[in-house]
2 protein chains.
Amino acid sequence: MARAATTADAFNAVAEPRRRQILDALATGERSVNDLVAALDLPQPQVSKHLRVLREVGLVLVREEGRRRLYRLDGRPLKAIHDWVGRYERSWSQRFDRLDAVLADLKDEEAEPDGGTDDDE
Amino acid sequence: MARAATTADAFNAVAEPRRRQILDALATGERSVNDLVAALDLPQPQVSKHLRVLREVGLVLVREEGRRRLYRLDGRPLKAIHDWVGRYERSWSQRFDRLDAVLADLKDEEAEPDGGTDDDE
DNA sequence: CCATCATATGCCCGTATCGGCATATGTAGC
DNA sequence: GCTACATATGCCGATACGGGCATATGATGG
C-alpha cells in the first residue's frame, strides 16, 4: 500500500514544508506561479507540482488572468486539522496541566479504590 | 529525495490516520500495546511500529510495567501544528470573512486605482 | 503564423512508506 | 531452564513521493 497520497487530505498535503511555505506566501493574497517561484526560490516545475497538490485538496483556488494563473488561498480544509489538534491543547498548555493531574488522579482512584500514593492536590 | 520521513516532525507523523487514532485512544490515558491493538483492531506489529514513530517525534512516552509497556500521550509537539494552522483561522471562520473581503477590496484598489466593478458589499 | 513568456506535464531516480508475516527480545511464573 | 505472554524488529513487495530536467500546452504580441 505505501503511504497515503499527499492529495489524500489536508493533513498529508500540509506535511510538506514547501507546501506550507507556499500557503504562507499566499496568505498575503493572490500570487502568480512566477511570483511564488521568485519568493520561494524554487524551480518552477516544483512550484507547479506543489500547487497541484494543494489544489487537489482544496487549499488553493486558481484564477486565470491572461497567460498567468493567480493562486489564492482557501484555508477551509485546514479547519479539520485545527479541530483535531485543538482537542489536545490541554496537553501542551500549562493552563490545563492542573486539570489533567486531577483527572489522572481520579482515574487512578477508579482503578485502585484503596488509593495509593495520595500526593497532595 | 522522496517524501520527508514520518519521523521528521509532528506534521508528518500525524498525517497517518492510524497514528491519529492511536493518539485519540491515548487521550483517555495510559494504555498498553495490547490495549491499543484491541481498541484499534490492528495487527500488533503495526501498532508497535506506529508507536515507534510517535515516540520518535515525542508524541508519546513509554513506561515499562512488568512485561508490558504503557504508552502515554505527550501532545507538546502538536503545538507547532496548532500554531501554524491557527494563523489561517480567518480563512475558514465566518467571523473573519467580512474583514477578508474588505482587505481584498483594498488590495484591488491598490492594483487598479480606476476601480473596476464596484459591486457593493 | 512565429517567437516569447507563463505554466503544466512527463519521465527517471532514489528513498521511505505501510502492510503482512515471521521472528527476535524480554519478562513472568512454574 | 522451559513455556507462555507482551512487545519490538526484520525482511518483503508495492506504491508514490519529491527533485531534476526536458518538453508540452497555452496565451500574447508583432
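In the predicted model, helix α5 (residues 78-86) of chain A and helix α5 (residues 78-86) of chain B have axes that come within 9 Å and cross at roughly 140°. Angles over 145 degrees would count as roughly antiparallel; α5(A) and α5(B) are therefore oblique to each other. Their crossing is left-handed. On the side of α5(A), the contact is made by L78(A), I81(A), H82(A), W84(A), V85(A) and G86(A), and on the side of α5(B) by L78(B), I81(B), H82(B), W84(B), V85(B) and G86(B). Sorted by class, this contact of α5(A) with α5(B) contains 8 nonpolar and 4 polar residues, and no charged residues.

DNA strand C is surrounded by 28 residues, the closest being S48(A), Y71(A), R18(B), Q46(B) and K49(B). Of the atoms of DNA strand C that come within 4 Å of the protein, 65% belong to sugar and phosphate. By class, the residues of the surface near DNA strand C comprise 11 charged, 9 nonpolar and 8 polar.

Phosphate oxygens of DNA strand C are approached from both chains. In chain A, a polar backbone atom of V33(A) is 3.3 Å from a phosphate oxygen. Two or more residues of the surface near DNA strand C are given by each of α3 (33-40), α4 (44-56) and β3 (68-73) of chain A, and by each of α2 (17-26) and α4 (44-56) of chain B. The largest share, 5 residues, comes from α4(A).

Notes. Residues numbered from 1 in each chain as written. Chains lettered and ligands numbered in written order. Predicted model: local features only at pLDDT ≥ 70, side-chain atom pairs only at ≥ 80, totals over all residues. Heavy atoms only, no water. Near = heavy atom within 4 Å. Polar contact = N/O pair within 3.5 Å; in protein donor to acceptor, adjacent residues only side chain to side chain. Helix = DSSP H or I, 4+ residues; strand = E, 2+ residues; numbered from the N terminus. Nonpolar A, V, L, I, M, F, W, Y, C, P; charged D, E, K, R; others polar. Axes fitted to C-alpha atoms, helices over the stretch in contact; angles between N-to-C directions. Parallel < 35°, antiparallel > 145°, perpendicular 65-115°, else oblique. Left-handed = near helix turned anticlockwise from the far one by under 90°. Contact = heavy atoms within 4.5 Å.
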